[in-house]
Amino acid sequence: MPLRRNVTSLTSPLVASGAAGIARAVAALDTGELVAFPTETVYGLGGDATSDTAMAAIFEAKGRPRFNPLIVHVAHMKAAEALVNFDDRARKLASAFWPGALTIVLPRCADCPVSLLASAGLHSLAIRVPAHGVALNLLAAFSRPVAAPSANLSGCVSPTTASHVAASLGNTVALILDGGPCAIGLESTVIDLTGDAPVLLRPGGITAEEVEAVTGPLDRPHGKTDATPSSPGRLLQHYAPWRPLRLDAVSVTRGEALLSFGPHTIIGATTELNLSSNGDLREAAANLFAMLRELDNPTYRAIAVMAVPETGLGLAINDRLRRAAKPTANQKEAAS
Ligand code: TXA
Ligand code: MG
């Protein structure tokens with residue numbers, strides 16, 4: 001069974017996301033191959049969640065640690081109920097935010113058909129119904145759950161366009177459904193409902209305040225980020241560009257590119273991209289990953305980033321920026 005595309009293939013893996021593209025994607029998923037597809041958050045690297053070989057291929061393609069479980073995507077609530085046990089809180093969250101940028105972690109149900117590799121051997125499963133026409137068409141046509149991490153190499157910036165995916169994973173997918181740029185541009189919010197109190201595992205496209213309006217106060221794990229299976233979503237090495245990032249910049253030094261925010265920007269940068277010149281956090285979220293990619297260019301020694309307010313979507317934006325600012329193997333290698 002071919003799990004990988006011939007790396008010397010001359011044809012572009014980008015495919016228009018109409019009915020013919022969906023049919024090709026379904027055929028590829030059926031044979032255990034991987035397909036990339038757009039969601040409202042970021043592009044996903046999808047595989048048949050019931051197939052061990054497809055799940056192994058996802059971990060291999062991304063270079064992702066096997067202990068970091070995947071999000072399973074389904075077309076509707078009924079399909080989700082076949083995989084995990086919903087309690088009242090989960091039902092309320094799902095009806096408030098699905099389809100949408102919210103992932104809920106729940107106990108796997110007894111006869112859950114999802115590969116244990118997808119959930120990294122945990123008793124829980126992360127699940128969401130995406131709010132994107134192409135993703136929903138694909139999920140409805142495939143009719144099995146699709147596990148899909150963000151379609152980037154592990155530890156790198158998530159893709160918000162089809163060409164971002166092609167640049168890093170073009171050789172490992174059967175095809176990439178091109179749905180244009182992602183509207184939200186940040187990954188989904190991950191809420192763990194396996195314990196007594198709901199826990200915010202990852203801030204994302206739905207703000208913590210919006211979730212709390214439904215669930216009441218969320219536990220927000222602070223302090224040292226760990227890499228254990230109980231909270232695998234909080235790995236430090238994530239979203240990292242190759243250039244070092246300097247946060248809360250109020251000036252730029254020679255060789256730095258500037259990622260600015262708001263109308264009052266820093267004077268003197270030779271290269272500047274503004275996340276949102278009128279200070280709109282929604283616009284900033286949608287621009288974040290594409291602008292980080294654009295500035296992650298050997299022309300610059302580093303990227304200076306202006307402060308972004310820690311409210312609403314700013315929580316998720318700052319979460320990604322802080323992770324990206326941690327020195328990683330990528331940056332150490334680039335500096336050496
Ligand atoms: O917006 C998104 O969520 C995108 C699109 C493609 O849907 N997907 C995405 O997947 O960001 P990924 O694999 O890059 O992030 C999944 C996150 C990770 O932080 C992972 O550790 C966490 O969800 N996660 C998955 N299953 C979990 C589980 N059973 N318990 C706790 N965390 C889990
Ligand atoms: Mg990811």
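Biologist: How much space lies in the largest cavity?

Modeller: About 40 Å³. A cavity here is a set of points, on a 1 Å grid over the protein atoms alone, where a 1.4 Å probe fits but cannot get out, and lining residues have an atom within 4 Å of a point. Grid points are joined across faces, edges and corners, and the volume is the space filled by probe spheres set on the points.

Biologist: And what should I know about the model before we go on?

Modeller: It is a predicted model: local features need pLDDT of at least 70, side-chain atom pairs count only at pLDDT 80 or more, and totals for chains, interfaces and linings use all residues. Residues are numbered from 1 along each chain as its sequence is written, chains are lettered from A and ligands numbered from 1 in the order in which they are written, and side-chain values use heavy atoms, with hydrogens and water left out.

Biologist: How many cavities of 30 Å³ or more does the structure hold?

Modeller: It holds 1.

Biologist: Which residues line the largest cavity?

Modeller: Among them are Leu200, Pro203, Ile206, Gly312 and Leu315. The lining divides into 6 nonpolar residues, 3 polar and no charged. Ala, Val, Leu, Ile, Met, Phe, Trp, Tyr, Cys and Pro count as nonpolar, Asp, Glu, Lys and Arg as charged, and the others, Gly among them, as polar.

Biologist: New topic. Where is asparagine 318?

Modeller: In helix α9, residues 314–325. Helices (H or I, at least four residues) and strands (E, at least two) are DSSP runs, numbered from the N terminus.

Biologist: Is asparagine 318 buried or exposed?

Modeller: Buried, because its relative accessible area is 8%. Buried means under 20%, exposed over 50%, partly exposed in between (1.4 Å probe, protein chains only).

Biologist: What does its side chain make a polar contact with?

Modeller: The side chain of glutamate 310, at 2.7 Å. A polar contact is a pair of N or O atoms within 3.5 Å; within protein, one must be able to donate a hydrogen and the other to accept it, and residues adjacent in sequence count only if both atoms are side-chain atoms.

Biologist: OK, aromatics. How many aromatic pairs are there?

Modeller: The count comes to 1. Phenylalanine 86 and tryptophan 98 have ring centres 6.1 Å apart and planes at 85 degrees, so the pair is edge-to-face. Rings of Phe, Tyr and Trp (its six-membered ring) pair if their centres lie within 6.5 Å; planes under 30 degrees apart count as stacked, over 60 as edge-to-face and the rest as tilted.

Biologist: Where do the two sit in the chain?

Modeller: Phenylalanine 86 is in the loop between α3 and α4, and tryptophan 98 in the loop between α4 and β5, 12 residues apart. Both are buried.

Biologist: What about the peptide bond from tryptophan 98 to proline 99?

Modeller: That bond is cis, with omega near -5 degrees. Most peptide bonds are trans.

Biologist: Which residues have a positive phi, glycine aside?

Modeller: Alanine 120 is one of them, with phi near 50 degrees. Aspartate 248 is another, near 55 degrees.

How values were computed
On a 1 Å grid over the protein atoms alone, a cavity is a set of points where a 1.4 Å probe fits but cannot get out, and a pocket is an open set with protein on both sides within 12 Å along at least five of seven lines; lining residues have an atom within 4 Å of a point.
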